[in-house]
Amino acid sequence: MQRADSATPAMAAKYWNLFVNRLAHTVQSQKPGDDGKHYYYRPKGGHRLSLETIRQHLNGQQTIALYAINPKTQRSKWVAIDADYESALEDLLKLQWELSQDGIESALEKSRRGGHLWIFADQPLLARDCRIYIYNLARRLRVPVKGGAGLAQGIEVFPRQDELRADEFGNAIRGPLGIHRAVRQRYWFYSADYRLEAQLEYLSSLRKITEQEMIRFVAGLTMPEEFQPRSKAVLPPYDPNRREFRILDHVGSVRRRSRNYWTKCPSCAQQGRDRSGDNLAICIADPRKYKCWAGCTKEMIRAAVGCPIRSRIAS
Ligand SMILES: [Zn+2]
């Protein structure tokens with residue numbers, strides 16, 4: 001451990017002001033799972049985020065991920081745009097430029113395969129407004145959005161939900177400036193010295209977007225239709241004897257982890273992706289529910305296994 005760059009309580013406090021929306025968080029496992037990956041899990045005993053946790057994160061003793069939305073307010077202090085595909089940095093720079101045209105300063109952080117672009121607010125903003133703003137921006141710039149129009153690759157916007165129920169958490173994103181358990185590396189923000197103090201100073205000095213500005217930016221805008229959440233179909237109780245499409249008949253060997261089977265996603269495989277063979281999660285209790293974590297849609301997966309979903313629209 002490099003003592004020269006260890007975090008002080010004041011640095012942890014600065015980090016807290018920038019990034020913490022709620023006390024729930026996740027922690028990256030110290031040891032890899034059977035598949036060699038370091039997963040994030042919610043700490044046992046409902047352990048809540050503290051300044052000490054942040055200090056340990058900055059010092060590399062543990063690595064945390066942070067939630068965007070506080071369900072009591074449906075707001076977040078920040079928006080993060082995650083991109084990790086071929087032209088990811090190019091797209092993030094496009095977004096950064098376009099944001100600057102609205103007077104918004106954003107910070108670009110390296111990631112393993114691309115980057116995260118961060119925007120900070122002076123007061124927490126409604127998650128819904130943040131999302132409407134960024135999705136419209138992306139559409140204007142023709143930046144691909146993962147999941148939109150069935151795209152497997154594209155940006156992901158945190159907050160990932162418009163709102164949460166009181167018992168929901170939404171999606172967490174790797175807390176910046178920690179040390180990734182697997183690669184033992186810290187990912188820095190590009191525009192400041194690669195020292196903790198300089199980085200936090202830089203982030204704190206960025207102009208913060210105000211609620212009035214956000215209200216102005218989203219006036220008259222709605223969520224583009226391709227990104228609107230589709231209402232979930234209510235399924236009849238699962239009956240294993242009923243004849244219907246079974247994803248488990250169409251995948252190779254599966255591994256069990258917590259409540260899911262994990263296996264290679266057929267749609268990813270078709271695109272030469274998912275070499276580690278664990279992008280597809282299939283719910284053990286109800287295998288009608290399955291999801292590709294790389295973003296393939298159900299339509300793409302069904303097409304890949306040769307059982308396309310019949311279109312309800314007559315052609
Ligand atoms: Zn996939």
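1. First, the ground rules. This is a predicted model in which local features need pLDDT of at least 70 and side-chain atom pairs count only at pLDDT 80 or more, while totals for chains, interfaces and linings use all residues. Residues are numbered from 1 along each chain as its sequence is written, and side-chain values use heavy atoms, with hydrogens and water left out.

2. Let us start with the sheet ordered β5-β6-β4-β7, which is open and antiparallel. Strands here are DSSP runs of E, at least two residues long, and helices are runs of H or I of at least four, numbered from the N terminus; two strands pair if DSSP finds at least two bridges between them. β5 (107-110) and β7 (156-158) each have a single partner strand, so one side of each lacks a neighbour in the sheet. Four bridges join β5 to β6 (residues 115-126), and L108 has L117 as its bridge partner in β6.

3. Helix α1 (residues 9-19) lies across β4 (75-83) and β6, at about 85° to β4. Axes are lines fitted to C-alpha atoms, for helices over the stretch in contact (heavy atoms within 4.5 Å), and angles run from 0 to 180 degrees between N-to-C directions.

4. Now for the rings. Phe, Tyr and Trp (its six-membered ring) pair if their centres lie within 6.5 Å; planes under 30 degrees apart are stacked, over 60 edge-to-face, and the rest tilted. The whole structure has 10 aromatic pairs. In one of them, W78 and W118 have ring centres 4.9 Å apart and planes at 65°, so the pair is edge-to-face. W78 is in β4 and W118 in β6, 40 residues apart. Ring pairs also link Y15, F19, W78, W118 and F120 into a cluster.

5. Y133 and F217 make a stacked pair, with 5.0 Å between centres and 15° between planes. Y133 belongs to helix α4 and F217 to helix α6 (residues 211-218), so parts 84 residues apart in sequence are tied together. Y133 is buried at 4% relative accessible area, buried meaning under 20% with a 1.4 Å probe, protein chains only. F217 is also buried, at 12%.

6. Finally, have a look at G154, in the loop between α4 (127-141) and β7. G154 counts as buried, at 3% relative accessibility. Leaving aside residues up to four places away in sequence, G154 touches D82, Y85, P144, V145 and K146.

Note on methods. Buried means under 20% relative accessible area, exposed over 50%, partly exposed in between (1.4 Å probe, protein chains only).
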